[in-house]
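The following note is intended for a colleague who is meeting this structure for the first time. Please read the numbered points alongside the model.

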Amino acid sequence: LTGGALLVLIAIVVAVPLLIVVARRPLLSIMLLLLAAASVFNYASLPRLGLPGNPPINIADVLLATSLAGTLWRKSWHSWPVVVRRYFWALLLTLVLASVATIKTSVLGPDQAREALYGYRNFLYLGVALTIALELSSKEWRALLDASIFLAAVISVISLAGAASTGVAHFLHGVSAQSITTSAEAASPGGTTRVRLPGLFFAYSMCILTLVAALLVRDRWRPLRAIALLLIFGAIGTSLNRDMYGGLAVGIGLAAVLGGTQIRSSIVLGTLAIIGAAILMALTSLAPFVDSGVGARASTLLTPSSVLESGSLEDRAYEYSKALPAISARPWAGVGPRQFYGAYLGQGETRTIRFFVQNVYVDFATDYGIPTALGFLLLPAICLFFGFRRLRRAAAPLDRALLAATIGTLIAMLMSCLVGTFVQDPESTVAFGAACGFLLAAGLRTYPDFARQTRSVNSSADT
């Protein structure tokens, strides 16, 4: 054996037993997957194994396969709830539709084939919802919530550290170059460095759930949940993501309206308290890295004219001017994943091809065709329809509040996908899939038989 082959053999001998252990523990496998794919590392920078003629398979891919394989092994098809089966069929339909553009692009050459397979792999991360709904909605539900809140808090701490320290920002730039943006405002004294870690979308997805859990779950971990909530709000604030500001406002409002009268006032008062604390920190310089840039960015949501005059709107209009004709020309199978649809980045001789559209629905329609975009939309539609239907039957106030929070979260994420590149890479796709799984799990917990089976788990919650 050559030295390289020997190293691969040793890695396999060591890794296989560990993967078997992980596959037998769904909570561990999901959290390791989220840690690998939705934290501070770009998907492309994760440890990987190269296969001749194929895109490298990295640790996140292995963990996803391990998680899903363990679930499919333990849970027979006949035991799957109807809504989970519908989600599975919708995901399978999306994969079949996306395979048309993937195959069409793959035959163009080896480079195009690698890019096409990368794009197709992204859809597979939506399958994380199956493991969450089937295996983590009962006895390990509370542990899943707390572990996810903890991970979101860790991501938020790192984001805030990058905003506060140029040294940390430099390190994060080395780990994930697109995480740090140094604008003219950020470069000025007291300016805010925009930090958008790959895991920010996951932290965003946990914000409303953390708010409800911090307000309603009265146990020894409640103070830590409140601290995590402040950290998540801080990370989203310093990211200067207008879509997240607006998404959270809508999502929290929906959670308050749908969550029931018993928790509505708590959500409103809790949100106002957090906003007040953030304003106090900014005005009193308790957090020097939070400056008027955050407030100015948020205020543009209330002044549409400033958004209309912004460069971001002009940039998106340019994308649409190229993407919509491309969709019209190839409505069924698209131009192909990561293929030229007419748009460029930059100008002049230094310009490069732009492969994305800052709207995931238009992006999927451009790359894969309208049927694939509609197949993708079917996934959150199934989850939301199920969630709204189960709201009326949720007997326990906490179950209703958490279900309302997951509905608000998914709608907020769908809104953000209208103006960003979210769900176009595994880092954000796994967060979106996890949000779908949380909604399905929260809805399944409202069934009376299910509640009786898990009464011992819920007994510690004072609702």
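1. Helix α2 passes helix α7 in a right-handed crossing; a crossing is right-handed if the near helix is turned clockwise from the far one by less than a right angle, and left-handed if anticlockwise. The model is predicted: local features need pLDDT of at least 70 and side-chain atom pairs count only at pLDDT 80 or more, whereas totals for chains, interfaces and linings use all residues. Residues are numbered from 1 along each chain as its sequence is written, and side-chain values use heavy atoms, with hydrogens and water left out.

2. The axes of α2 (residues 26-37) and α7 (residues 141-164) come within 11 Å and cross at roughly 15°. Therefore α2 is roughly parallel to α7, a term for angles under 35 degrees. Axes are lines fitted to C-alpha atoms, for helices over the stretch in contact, and angles run from 0 to 180 degrees between N-to-C directions.

3. Contact means heavy atoms within 4.5 Å. These residues divide into 9 nonpolar, 1 polar and no charged. Here Ala, Val, Leu, Ile, Met, Phe, Trp, Tyr, Cys and Pro count as nonpolar, Asp, Glu, Lys and Arg as charged, and the others, Gly among them, as polar.

4. Helix α10 (residues 200-216) packs against helix α12 (residues 242-258) at an angle of about 25°, with the axes 10 Å apart. The two helices are therefore roughly parallel to each other, and α10 passes α12 in a right-handed crossing. L200, F201, Y204, C207, I208 and L211 of α10 meet D243, M244, G247, L248, G251, I252 and A255 of α12. By class, this contact has 10 nonpolar, 2 polar and 1 charged residues.

5. Leaving aside neighbours within four places in sequence, D363 is in contact with F355, F356, V357 and Q424. The C-alpha atoms of D363 and R338 are separated by 9.8 Å, and these residues lie 25 residues apart along the chain.

6. As for the whole protein chain, 51% of its 463 residues count as buried. The chain contains 22 helices and 6 strands; helices (H or I, at least four residues) and strands (E, at least two) are DSSP runs, numbered from the N terminus.

Methods:
Angles under 35 degrees count as roughly parallel, over 145 as roughly antiparallel, 65 to 115 as roughly perpendicular and the rest as oblique. Buried means under 20% relative accessible area, exposed over 50%, partly exposed in between (1.4 Å probe, protein chains only).
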